Amino acid sequence: MSSIAPASTTELAAPPGSGAPRKFEFNLRSSGIYLAFAAIVVLFDILTHGLLLTPENVSNLIVQNSYILVLAIGMILVIIAGHIDLSAGSVVGVTGAIAATLMVNHHIAWPLALLITVAAGAVIGAWQGYWVAYFGLPAFIVTLAGMLVFRALTMTVLGNQGIGPFPDQVRTLSTGFLGNLMGNVGLGSLGGADLFTLLVGVLAVLAAVGGQWRARAAKIRYGQQAEPVGIFAGKMALMAFVVLGVIVQLARYKNLPWVLVLLTVLVLGYSLVASRTVFGRHVYAIGGNPQAAVLSGVKVKKVTFWIFVNMGVLAAIAGVVFTGRLNQAGPTAGTNFELDAIAAAFIGGAAVTGGVGKVVGAITGGLIMGVINNGMSLLGAPSERVMLVKGLILLAAVAFDVWAKRRAGTAR
Amino acid sequence: MDDNILHMAGITKTFPGVKALQDVNLEVKRGEIHAICGENGAGKSTLMKVLSGVYPYGSYEGEITFDGEACEFGNIRDSEARGIVIIHQELALSPHLSIAENIFIGNERVRRGLIDWHRTNAEAAELLRRVGLAENPTVRVSDLGVGKQQLVEIAKALSKKVRLLILDEPTAALNDDDSEHLLDLLRDLRDEGVTCVIISHKLNEIEAVADSVTILRDGRTIETLDFHTQTVTQDRIITGMVGRDLEHRYPEHTPNIGEEILRVEDWTVFSPTQRGRKVVAGANLFLRRGEIVGLAGLMGAGRTELAMSVFGRAYGVDISGRLFKDGKEIKARSVDEAIEHGIGYATEDRKRYGLNLIDDIKRNISAAALTKLADGAGLVDPHEEYRVAEGFRASMNIKAPAVTAVAGKLSGGNQQKVVLSKWMFADPDVLILDEPTRGIDVGAKFEIYTIIQRLADAGKAVLVISSELPELLGICDRVYAMAAGRITGVLERDQATPERMMTLMTQTTESLTAQEPVYVPALEPEHEQEKDQ
C-alpha cells in the first residue's frame, strides 16, 4: 500500500543545509562488531592468563584461520547479493585435491599447478553461477547440490586417500614466514624482534592514517559531515595500537606469515572492489532491491554470475592454503568450512535479506570465531562446548542485528 | 420487510494523509445486480474492503446495515458468516490444490477429525454444476484457465451460503466468451435470490447486466442511477465518473515542441505469465522533443506493460514491433541498452521497483548512471557522488536532513523526487514517468508537474502515464488513450475533454471483436491493483 507517512515527513523535515552538521552519531550497529571483538579478545586473554596474545599464539591464530577468512571474503559478496554458498567447503576439498594430484602425481611445476587449480575454482564458480544467475535456480539449492557433487569429485580425484606431501614453496605460502631480511633489533624487555616486520608495520600504519586523513579532508572540502578531529585521532590511535601490537608480537616470534601478506592484499583489494567499483556497488544494489536494480540498468545476471566465479576462485585459493598447511589433500578436507564462512559473514554484520555487509566485517566475524576456538582450546574446553558457544554467538549476533534494525525503524 | 438488503451510510475512511472515502452512501436492493463505477482511485475497492471487514469496524466512520441488522465486522470471517463474500480481482486460489480443496479451504468437510473426501468432492461437484463448470472436482486449479478459475471462486462463495456476492473487476482478465458466461451466471444467481455488487470498468457489460449503478468519484458518492426507471447510457455514466471540475491546479506552461525523437511502431507484447495472451496489441506512438505526452487508460489497459516493454523489454515476452530513436531504428534488448539509447523509465511502484529502500539517498540517485561518477581506474568517486546528490536535494527540494538519509524513511513525495533525481542524473532524451504523482499530496504534486515541465523545456520528451485524467489534461500537450492493449486514439490538448478521453478509454471489446480474437490484457496484480492511497 503506497500510503504516505506524514509522521516521517515531519521527522525528517529539517530544512536542507540547516546550520552546522549534526553531532556525529555513534553507530552501534556498525561499530558493535569491533567492540565485541575487542571484548572477546580481552576476555580470553584474561581467562588464559595472557596465553592468547603470546607472540606464537597470535601468529598461530592468523595462520589457523586464514583459509576461513579467504572464504569469508568471497562469501560476504555472495551474501550481500542476497544469495548463499553451501558448497564452499567441498570446493576447498576438490581444488585442494586437484592441486595435490597435479603437483604430487603428475609432477607439474607448482606455479602452473596453482594456476590450473585457481582456474578450476573459476570453472566451478561459473558452473554454479550459471544455474543461479541465468537459469534462475535458488543459490541454496544449486550450492547444496554443489556441496554433494564436489565432495564426491574430491573423493573420486583422490581415490579416497590422502595425497601429499606438497612442494616446499606451496607449504611456505600456507605456513611459512618471510625471511629475516634486515636482522633483529632489541625491544628492551620484549626481547629481539625482526626489523623488517616492524618497518612494514610502521609504514602500514602511516599509510592508513594518511589515507584516512585525506579522505576526511576531501569530505570537508565537499561540505560533508566529518567526524571531529578528536574522535578521528582517537580512532587512528586505536588502530595504530592494534596493528602495531600484532606486528610486534609477530616480529618477536618469527616474521610476517606469508598468508598474512596474502590476506592483507585480498582484504584491501576486495574492500576497494566492494565500496568503490561499479561492480561492487551493483552487488549492493542487487541485494537491496533486485527489481529496482534491473530497472536501473544493472546487469543483474552478469553480476550474479561473476560473484559466484569469484567465490570459486577464492575457494580454490583457500583450498591451496589449507591443503598446503596439512601438507596433504584429504577426502574430507574443507568439510563444514562453508558454515564457518557464512557464520563469519553474519557475525560480521551482513543482513540475512541481502544488501548489507562489509569485507572487514566478515573478516572480524571470522576472527571472533577464531579467537573463541583458539581461546577455548587453550582453556582445555572440549570441542562440543566450543561448537555450542559458536552457535550461540551466531544466534546472538544476528538477533542483535535484527533488533537494532527494528529499533531504528527502517522501512522494511 | 425492507426493500434494501444493504445500507452503507456516511462511510469515511482515512489513510495517513489521504481521505480515501468521504461520507459515502450505498443502498443495494434485495436481489439486484448493483454496479459500482468510478475512475482508478475513486474508492471502489476501499469501499468494498470496508464492507467485507478487510478494514475492521472502528477503522472507518459510518454505519453498515445488512438485512436489517447493524454490522460491526472485525475481519473477513465475520462478514462471510453473514453471507457477504468478496471475490477480489486477483484470484485467491491455491494453484496446486484441487478444485474441491479450494472450494472448501478453511471450511473443510470433516468427519471424526478427518477430511471426508467423498462429501468434499460430491458437494463440490454439485456447486460446479450450479456455476456451469464442467470439470472434475479433483482437477488441479493451475490446470484451469482464468475464466474457469473465476467460476471456482464463485462456487467457493456459494459454498459459504452467500447472500451478497461482491465481484471486483470479475471480467478484466476474461475473454468475451468467458465474460458472457460469467454475466449469465450472475443473472441466474440473481434469480435464485443472491444479490450481487459488481465493480467494473466495462460499461457495456454494466449496461447489459446491472439493475442499478452507483458512481463514485474522488472518494465520494456522486449518484445512483436505476436502469429500470430511467434511461442510463454509457455516456451518462461517463459524465458522472469524470465530473466537470478540474479541482487540481496545474502550473502554466508554453511548450516548445521540436522534432520527433522516439517512435514506436506496431508494438505487440505477450504476457510472461499467461501464455498466448496479448497485453499490448499493435501499438503506435511517437514523442517529440520538448513535448509532454500523456498515456491514459483504465486498469489493465496495458499502459505500464507498453512502457516497460519499450524500456529494454523489462516486461513481456515475444515482443514484436519497431523502435526508432531520432529517426534511426534501435534495438533496446535490455534495460542498460535502453538507458544507453537515452530512454529512462520511472516506475509507478517506487518502493518495489524504484528504490533500494535500505540504502541512502545519494546511492539511489546515482544508481542508474554510476559510470558517470567513475574515474579512469573505474573507481566511483564518493565525494563527487555526494556533491551531485546534494545538488539534487537542493534543486528538487527533497526534504531530508542529509543525502546520507535512508531512502526507505522518506515520505512518498520525497521518495518520488529521489526517483526523478535518479533519472535526471542519468539524463535520458526520453523519460517515461509511470504514475508520477501516485500517493503524493497535492503540494508535492504541483512540484512534480513543475519538474516535468522543466524536463520538457530542456528538450526532452516526457511520456506521462496516469490514472488521473484531470492531471493528464492539465499538463500534457497530447494524450494517447489505451484500452485492452490498443491505442484507441490520440487527442491534442485543445481537443481533449474528459468525456472524449473516457469514451476512448472504455472502447474495449465490442469495436475490436471483428478484427481478431480479443485478448484482454493481463492484470499484473501488483501493477494494476487499485492503490489505497
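Predicted model: local features only at pLDDT ≥ 70, side-chain atom pairs only at ≥ 80, totals over all residues.
Close-up 1. B:Leu26 lies in strand S2 of chain B, which covers residues 18–29. B:Leu26 counts as buried because 22 other C-beta atoms lie within 10 Å, against a cut-off of 20 or more. Apart from neighbours within four places in sequence, the contacts of B:Leu26 are B:Leu6, B:Met8, B:Leu47, B:Thr214 and B:Thr221. B:Ile448 is 422 residues away along the chain from B:Leu26, and 35 Å separate their C-alpha atoms.

**Close-up 2. The two assigned domains of chain B.** Domain 1 spans 4–242, while domain 2 is made of 260–342 and 428–528. Taken over C-alpha atoms, the centres of domain 1 and domain 2 of chain B are 31 Å apart.

**Close-up 3. Helix H3 of chain A, residues 55–80.** From first C-alpha to last, the 26 residues of H3(A) reach 35 Å, close to the expected 38 Å at 1.5 Å a residue. A bend of about 55° occurs in H3(A) at A:Ser66. Of the 26 residues in H3(A), 20 are buried, leaving the helix mostly covered. After H3(A) comes A:Gly82, with a positive phi near 90°.

**Close-up 4. A:Ala345 in the largest nonpolar core.** This core has 271 residues. Those with the most contacts inside the core are A:Leu71, A:Ala72, A:Met75, A:Ile76, A:Ala345, B:Ile452 and B:Val464. Residues up to four places away in sequence aside, A:Ala345 touches A:Ala72, A:Met75, A:Ile76 and A:Ile79, together with A:Ala350, A:Gly357, A:Ala362 and A:Gly365.

Terms used. Residues numbered from 1 in each chain as written. Chains lettered and ligands numbered in written order. Core = buried A, V, L, I, M, F, W, Y, C linked by C-beta atoms within 7 Å. Buried ≥ 20, exposed ≤ 12 C-beta atoms within 10 Å, placed from the backbone. Contact = placed C-beta atoms within 7 Å. Domains from an automatic or database assignment. Helix = DSSP H or I, 4+ residues; strand = E, 2+ residues; numbered from the N terminus. Expected span 1.5 Å × (residues − 1). Bend = angle between axes of the 7 residues up to and from the residue.
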